[in-house]
Amino acid sequence: MGDLSRNFSRAEFACRCGCGQDAVSLELVTKFQKVRDYFGPLRLTSGFRCPEHNRRQGGVPNSAHLAGLAVDLECTLSLSRYILIARLMEAGFQRIDIGKTFVHADLDTTKVKPSIWTY
Ligand SMILES: [Zn+2]
């Protein structure tokens with residue numbers, strides 16, 4: 001049980017540097033909960049990021065993580081990646097980044113969409 005949605009707690013979206021910042025978009029959480037409903041358990045490796053942590057992670061300066069509009073999900077298997085991306089698209093995510101060990105999805109309206117790119 002979560003305090004943000006059925007399955008997610010605010011802590012899961014908080015900045016990983018320990019600064020305590022967790023200004024995640026509720027629209028993001030709502031859409032992401034839909035993905036979780038169909039996909040099953042998901043592990044977030046990154047949600048909200050403060051500017052300092054984003055820099056250290058090598059994030060782009062205008063990263064959607066800074067606005068609380070992005071999630072990175074651990075995903076390494078080709079079948080899970082396929083299903084996860086299908087669910088993300090069904091839930092309304094139109095910006096998806098595919099890495100070797102993760103899938104990033106965001107709702108950044110200042111950037112081009114729809115788009116799937118590789119890290
Ligand atoms: Zn931080």
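Student: Let's start with Leu107. Which residues does Leu107 touch, not counting residues up to four places away in sequence?

Tutor: Keep in mind that this is a predicted model. With those sequence neighbours left out, Leu107 touches Ser25, Glu27, Leu28, Leu69 and Phe93.

Student: Where is the place of Leu107?

Tutor: In the loop between strand 4 and strand 5 (115-118).

Student: And is Leu107 buried or exposed?

Tutor: For that, count the other C-beta atoms within 10 Å: 20 or more makes a residue buried, 12 or fewer exposed. Leu107 has 21, so Leu107 is buried.

Student: Now the core. Which residues touch the most other members of the largest nonpolar core?

Tutor: The general idea is that nonpolar side chains tend to be buried together in soluble globular proteins. Here the largest nonpolar core has 23 residues, and Leu28, Val71 and Ala105 touch the most other members. At least two residues each come from helix 2, strand 2 (70-74), helix 4 and strand 4 (102-106). Helix 2 gives the largest share, four residues.

Student: Let me zoom in on Val71. What is Val71 in contact with, leaving aside its neighbours within four places in sequence?

Tutor: Val71 is in contact with Leu28, Phe32, Leu44, Gly47 and Ala105.

Student: Helix 2 and helix 4 both came up. At what angle do their axes cross?

Tutor: For a helix pair, look at the approach of the axes, then the angle, then the handedness. The axes of helix 2 (residues 26-39) and helix 4 (residues 78-90) come within 9 Å and cross at roughly 135°. That angle makes helix 2 oblique to helix 4. The crossing is right-handed.

Student: Which residues make the contact?

Tutor: From helix 2 there are Val35, Tyr38 and Phe39, and from helix 4 Ile83, Leu84, Arg87 and Leu88. By class, that contact has six nonpolar residues, one charged and no polar ones.

Key. Residues numbered from 1 in each chain as written. Predicted model: local features only at pLDDT ≥ 70, side-chain atom pairs only at ≥ 80, totals over all residues. Axes fitted to C-alpha atoms, helices over the stretch in contact; angles between N-to-C directions. Parallel < 35°, antiparallel > 145°, perpendicular 65-115°, else oblique. Left-handed = near helix turned anticlockwise from the far one by under 90°. Contact = placed C-beta atoms within 7 Å. Nonpolar A, V, L, I, M, F, W, Y, C, P; charged D, E, K, R; others polar. Core = buried A, V, L, I, M, F, W, Y, C linked by C-beta atoms within 7 Å.
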